[in-house]
Amino acid sequence: MDATHVNDHAVCLDGRRFRAVAPLGRGIVPGDLVVLTTGTQQVLGQVHGLSLDGDGPRGDPTVVAEGDVLGLLGADGVELGPTAPFVADQVQRAGTAATVALQEKTGATIPVATRTVSDGEVDVRLRPGKLNRHTFLCGQSGSGKTYALGVLLEQMLVHTGITMVVLDLNADFVRLYEVRTDADPALARALEQIDVRVLRPAGEGTDPLVVRYPDLDVRAAAAAMRLDPLVDRDEYEEVLRYREEAEGGRPLDIERLRAPGRTPEQERLHQRLRNLGVLDWQVWAQGARPVTEILDDRHRATVLDLSGFAQPEERLLVALAVLDHLWAHRAERRPTLVVIDEAHNVCSAAPDGPLQAAATERLVQIAGEGRKYGLWLLLSTQRPSKIHPNVLSQCDNLALMRMNGPSDLAEISSVFGFAPPELVAKAARFGLGEVLLAGGFVPVPTVARMGSRLTAEGGADVPVPRS
Ligand SMILES: Nc1ncnc2c1ncn2[C@@H]1O[C@H](COP(=O)(O)OP(=O)(O)O)[C@@H](O)[C@H]1O
Ligand SMILES: [Mg+2]
């Protein structure tokens, strides 16, 4: 044997897992698709683990790659599934043709990212048919989550008919209708046609973001007033009584609570409302259309800017009103994607206060049972442990960006068993915009670079919303 040349080979005993040896210089890395060529056929596989082969010929290091068999490559594309056991004598990184063949076979059509293959760059595409699941996007601050979320939303708007509601805590998506001048012209035209509605706190635009007190689930109303049905029995009962009579969009008629002949419960409720400042919140619809009604108009995307409320309770109340509304109407089975960036604010592992607790509880319910009603979650946060575990465990799609805490990565691996640990470990070294996509929405777990935004990012420089 020529000491400077390595004969590649690969062995697969069960038709499912392979072990391949190839020169280091071939540049195979974990996550790569590889083509293993036998005398008669080509097998498509994916590398998970890689190690240096200590026994390789001197001066020509070799690597041992272990991974999964995906199927057979033929003239008509990929035939997915286990193969017969085989021994291959060529190990090559896959190129564009094999990558595209796999996408075609699995119905992956939505371009959201790119990756480098042996002969150039390919688009990484999502499978629209598998977006009817919950998706978790995770990465440390500055890893590019919000930007990536924007890319996902834009491409879903262009390439699917999904209706989305964005609970936008930091006004990051309030310009989702504003197409960039450097966007691909065809995509730009498509996006311009899409009906994006942005609602903002009252006083900031034509469509104020408000709720109507009588529409609220009674638990939401009580949570807003920090009323416990048992501890505050009398006041709670008073609230129930007034709920039936409430007029306009505000809670209770405070004048009635102060009228002569008032009861002690009314007096206490009056004090409570005054002390909490609940009646001064901008969130109450004073004749304006409430957010729940606007949601029923079914715009393709409804962005709810929660950033401008004076009180943190107001944004939680809007989030809760929206989630309760979607849940209450679940039997109508109107597919809706609920998007929440910085989702730990609404779906906390350790809820703080009754409104956050109620919102978290509703999200746990939607995570558990929403799929059968067409309610899907797309949640983003910095660390998996910040999100309620019962929500996390229901996510079937993962987008993992840079994250270097070993315990966070360990948690990701344990919750998302479908993400190969070797690829999860890579997230510690990811650069800005790099992502591991795993779960049903991609043909195979894929490390990629997010594509470019088509619309303006949110942030400080906010224009007047479109009517
Ligand atoms: N793929 C990308 N291409 C170009 N710029 C990006 C990309 N991802 C993020 N950025 C920029 O990097 C900064 C941080 O990204 P951001 O999405 O806000 O991170 P995170 O939400 O994880 O904190 C922002 O200024 C954003 O515009
Ligand atoms: Mg962000």
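Colleague: In which sense do strand 9 and strand 10 pair, and over how many bridges?

Modeller: Strands of a sheet pair through backbone hydrogen bonds, either parallel or antiparallel. In this predicted model, strand 9 (residues 110-117) and strand 10 pair in the antiparallel sense over seven bridges. Pairing requires that DSSP finds at least two bridges between two strands; strands are DSSP runs of E with at least two residues, helices runs of H or I with at least four, both numbered from the N terminus. Pro111 stands opposite Arg125 in strand 10.

Colleague: How should I read the numbering and the confidence limits?

Modeller: Residues count from 1 along each chain as its sequence is written, chains are lettered from A and ligands numbered from 1 in the order in which they are written. Local features need pLDDT of at least 70 and side-chain atom pairs pLDDT 80 or more, while totals for chains, interfaces and linings use all residues.

Colleague: What is the strand order in the open sheet?

Modeller: Eleven strands run 10-9-19-18-17-11-16-15-12-14-13, with mixed pairing. Strand 10 (120-126) and strand 13 (196-199) are at the edges with a single partner strand each, so one side of each has no neighbour in the sheet.

Colleague: Which domains does the assignment give?

Modeller: Domain bounds come from an automatic or database domain assignment. Here they are domain 1 (9-106), domain 2 (126-210 + 283-450) and domain 3 (216-280). Nine residues of domain 1 are in contact with ten of domain 2, contact meaning C-beta atoms, placed from the backbone, within 7 Å. Strand 4 (42-53) and helix 1 (96-106) each supply at least two residues of the domain 1 side.

Conventions:
Two residues are in contact if their C-beta atoms, placed from the backbone, lie within 7 Å.
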